[in-house]
Amino acid sequence: MTNNPPFVLQQFSDKQMDLLKEVGNIGSGHAATALSTLLNRKIEMKVPNVEFVTFEEMFDLAGGAENKIVGLFLRVDGEAAGNMFCLLSVDQAQIIAKEMLQQQGFPFEGLHHEMSKSLLQELGNILSGSYLAAIADLTNLSLYPTVPSISIDMAGAIISHGLLELSTASDVAIVVNTSLHEVDETSSIFNGDIILLLDSSSFSQLFQALDVRGKCETC
Amino acid sequence: MLEIVKVGIADLNIVKAPQLIRTSGLGSCVGVVLYDEEKKVAGLVHVMLPDSALAKANMLNPAKFADTGIQELLVQLAKNGARRSKLKAKIAGGAQMFQFESGRDLIRIGSRNIEAVKQELRSLEINLIAEDIGGNNGRTIEFNPDDSSLMIRTVNKSIKYI
């Protein structure tokens, strides 16, 4: 009904898009390694996807606004501030919580049980921590992630929380999205997405930091 | 044939009976329905943020904010035959999806959105007939202008009407 075209924050050059892809690559590569060690399984990542999307298209990445998912959310403060999500399907979250609890000799009492939630939060902590540590190393920027919070609810309700900050400056989001999954797909214990949503004010700092590090010649 | 008009996030639209109007996955966002009961015309706006003064850029979509969103809805309703003086409101949403200790500005956004919507309705002298707000769960809502009922569905609870 509102006929205004979406207001786009800024257009990035191909080079800048490649840099963001590299950030996703390095971050999720480290996250995959950490997850691999934790689960003692081979974990693989898909090539990161970096694109401008409308908020509605963001929900589609998670199966649509109404789709029930497990979302781990954390805020990143510091020199490249933003939001981060680890998103899992309900089935995947159930499988991984059950497996990890039973490994430790605890019973699995459902996804909504405090033990399952706390375990998934810790999983989010490990994934995001390794992702962000790798980015901090790459860029020399200070990043201060909060501890992840968990919500099991509609994708729209979960993801919109991470869009608030950037929605004050833009009608679209630039999303750095990577999928991690187990190599042996027959026993797939993990298949999830890590999504990085930088604040609009963080990009110039990030590009500059990568430039200083010799990762970017012309941006 | 039952036609359901969908409204996305930071979006608005108008329907006339027998059409229904729906928005999905409200978290901290607030769904505001304004309707003319007798004319059976209704508008729905899916508000993300409390105040257009928060905008850091011009030209942002008006449906994103409580103040500009409700004002734009009034304009569209008038164009579609709703009478300004007969308009009533039902609202839902404004949850807090994640629990945090720090006092960041945008974290209590759900309750700030509710406050801003109510303030805007008060200043426009539109009666708020029913609400389903707050809590920490998402909502999908659907309004039927034929009987002025607002259906609310959550992930874990059953459907209810207000």
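**Entry 1: the interface.** I started with the area that chain A and chain B bury between them, about 3,200 Å². Carbon and sulfur atoms account for 62% of that area. I kept in mind that this is a predicted model. I also noted that the size of an interface is often given as the accessible area lost when the parts come together.

Next I looked up who takes part. Chain A brings 35 residues to the contact, and chain B brings 42 residues.

Entry 2: I wrote down the pair Glu66(A) and Arg153(B), whose side chains meet in a salt bridge at 2.3 Å, N to O.

Which elements of chain A supply the side that touches chain B? I listed α2 (55-60), β3 (68-78), β6 (149-154) and α5 (155-167) of chain A, each with at least two residues. The most comes from α5(A), which gives nine residues. I sorted that side of chain A by class: 14 residues are nonpolar, 13 are polar and eight are charged.

**Entry 3: a salt bridge inside chain A.** I found 13 salt bridges over all chains. I picked the one between Glu99(A) and Arg41(A), where the closest N and O atoms are 2.9 Å apart. I then checked where the two residues lie. Glu99(A) is in helix α3 (residues 90-103) of chain A, while Arg41(A) is in the loop between α1 (14-39) and β1 (43-45) of chain A. The pair therefore ties together parts that are 58 residues apart in sequence.

**Entry 4: one sheet in chain B.** I reminded myself that strands of a sheet pair through backbone hydrogen bonds, either parallel or antiparallel. I traced an open sheet of five strands in chain B, in the order β2-β5-β4-β6-β7, and its pairing is mixed. Which strands stand at the edges? I found β2 (12-16) and β7 (127-133) of chain B there. Each has a single partner strand, so one side of each is left without a neighbour in the sheet. From one strand to the next, the twist averages 15°.

I then followed one pairing. Strand β4 (residues 30-36) and strand β6 (residues 88-93) of chain B run antiparallel and are joined by six bridges. Opposite Val33(B) I found Lys90(B), in β6(B).

**Entry 5: another sheet in chain B.** I traced an open sheet with the order β1-β3-β8-β9-β10 in chain B, made of five strands with mixed pairing. I noted β1 (4-6) and β10 (160-161) of chain B at the edges. Each has a single partner strand, so one side of each lacks a neighbour in the sheet.

How many bridges pair β9 with β10(B)? I counted two, in the antiparallel sense, with β9 of chain B covering residues 149-153. One partner I looked up was that of Ile152(B), which is Lys160(B) in β10(B).

**Entry 6: backbone details.** Most residues other than glycine have a negative phi, and most peptide bonds are trans. I looked up two exceptions. The peptide bond between Ala17(B) and Pro18(B) is cis, with omega about 10°. Pro18(B) sits in the loop between β2 and β3 (20-26) of chain B. Lys40(B) has a positive phi, near 55°. I found Lys40(B) in the loop between β4 and β5 (41-47) of chain B.

How values were computed:
Residues are numbered from 1 along each chain as its sequence is written. Chains are lettered from A and ligands numbered from 1 in the order in which they are written. This is a predicted model: local features need pLDDT of at least 70, side-chain atom pairs count only at pLDDT 80 or more; totals for chains, interfaces and linings use all residues. Side-chain values use heavy atoms; hydrogens and water are left out. Two strands pair if DSSP finds at least two bridges between them. Helices (H or I, at least four residues) and strands (E, at least two) are DSSP runs, numbered from the N terminus. Axes are lines fitted to C-alpha atoms, for helices over the stretch in contact, and angles run from 0 to 180 degrees between N-to-C directions. Contact means heavy atoms within 4.5 Å. Buried area is the accessible area (1.4 Å probe) that two parts lose on being put together, summed over both. A salt bridge is a side-chain nitrogen of Lys or Arg within 4 Å of a carboxyl oxygen of Asp or Glu. Ala, Val, Leu, Ile, Met, Phe, Trp, Tyr, Cys and Pro count as nonpolar, Asp, Glu, Lys and Arg as charged, and the others, Gly among them, as polar.
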